[in-house]
Amino acid sequence: MSRLDSMMRRLAAQRDGLEWGHACVAGVEGDYVDMGLGNGRTYDHLREIAPDRRIWVIDRVLQCHPSCIPPEQDFLQGEAEDMLRKLAASGAKIVLAHYDFGFGEKDKDVAEAARLSPMIADIMAPGGVLISGQPLVGFEQVRGPETVAPDRYCFYRT
């Protein structure tokens, strides 16, 4: 598979996963979090499909497209551990989380996701969903949308 085809497959999986997750928590009160703002595409899509939800965003630096800058009060800038602790201390009730932290090195990214998993668990509300490009630990893995190959994205329930 070419890198272009792989990227297109990843982006479609991400979109379908976000929409699936949003539908799963439609009746559950709480906020969303996007872990890893990057260019802002995922955050922008979440804003579009969930305009009535508060969407927290965590990233080390703010370097997204200008149209995707989150409100200052919803943007937690810094290292993941510190920002996850800050979000947990805020009392936010997260019902949908998208995990997209990474260094671009598979082994390093998998280890980081495993290391951060307990801190992610601390912010999640019962009945929430996690959508992740990396495997997380300590959550119930579920089958996501049928349009997403099981090896392409990971889906969890809390």
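**Side-chain interactions in a predicted model**

Analyst: The charged end of R54 is placed over the ring of W56, 3.8 Å from the ring centre. The model is a predicted one.

User: How many aromatic pairs does a search of the whole structure find?

Analyst: The search covers the whole structure. Ring pairs link W20, Y153 and F155 into a cluster. The number of aromatic pairs found is 4.

User: Of what kind is the pair formed by the rings of W20 and F155?

Analyst: The ring centres of W20 and F155 lie 5.2 Å apart, and their planes meet at 70°. Planes over 60 degrees apart count as edge-to-face. The pair of W20 and F155 is therefore edge-to-face.

User: How many residues apart in sequence are the parts that W20 and F155 tie together?

Analyst: W20 belongs to helix α1 (residues 3-24), whereas F155 belongs to strand β7 (residues 154-157). Both W20 and F155 are buried. Because of these positions, the pair ties together parts whose separation in sequence is 135 residues.

User: Of what kind is the pair formed by the rings of F139 and Y156?

Analyst: F139 and Y156 are both buried. Their ring centres are 6.1 Å apart and their planes are at 55°. Planes under 30 degrees apart count as stacked and those over 60 as edge-to-face, with the rest tilted. The pair of F139 and Y156 is therefore tilted.

User: Where does F139 lie, given that Y156 is in strand β7?

Analyst: The pair of F139 and Y156 ties together parts that are 17 residues apart in sequence. Y156 is in strand β7, while F139 lies in the loop between β5 (124-132) and β6 (140-141).

User: Which side chain of opposite charge is nearest to D59?

Analyst: D59 is in strand β2 (residues 55-59). Leaving aside neighbours within four places in sequence, D59 is in contact with G36, L37, G38, F75, L76, Q77 and G78. D59 is buried yet has no salt bridge. At a distance of 5.8 Å, the nearest side chain of opposite charge is R60.

User: How many salt bridges does the count come to?

Analyst: Side chains of opposite charge can pair when their charged atoms come close. One of the salt bridges joins R15 and D16, at 2.9 Å from N to O. The count of salt bridges comes to 9.

User: How many residues apart in sequence are the parts tied together by R9 and D151?

Analyst: R9 and D151 form a salt bridge, with the closest N and O atoms 3.0 Å apart. R9 lies in helix α1 and D151 in the loop between β6 and β7, so the separation of these parts in sequence is 142 residues.

User: Is D151 buried or exposed?

Analyst: R9, the salt-bridge partner of D151, is partly exposed at 30% relative accessibility. Exposed requires over 50% relative accessible area. D151 has a relative accessible area of 64% and is therefore exposed.

Key: Residues numbered from 1 in each chain as written. Predicted model: local features only at pLDDT ≥ 70, side-chain atom pairs only at ≥ 80, totals over all residues. Heavy atoms only, no water. Helix = DSSP H or I, 4+ residues; strand = E, 2+ residues; numbered from the N terminus. Buried < 20%, exposed > 50% of the residue type's maximum accessible area, 1.4 Å probe, protein only. Lys, Arg positive; Asp, Glu negative; His and termini not counted. Salt bridge = Lys/Arg side-chain N within 4 Å of Asp/Glu carboxyl O. Contact = heavy atoms within 4.5 Å. Phe/Tyr/Trp six-rings, centres within 6.5 Å; stacked < 30°, edge-to-face > 60°. Lys NZ or Arg CZ within 6 Å of the ring centre and 35° of its normal.
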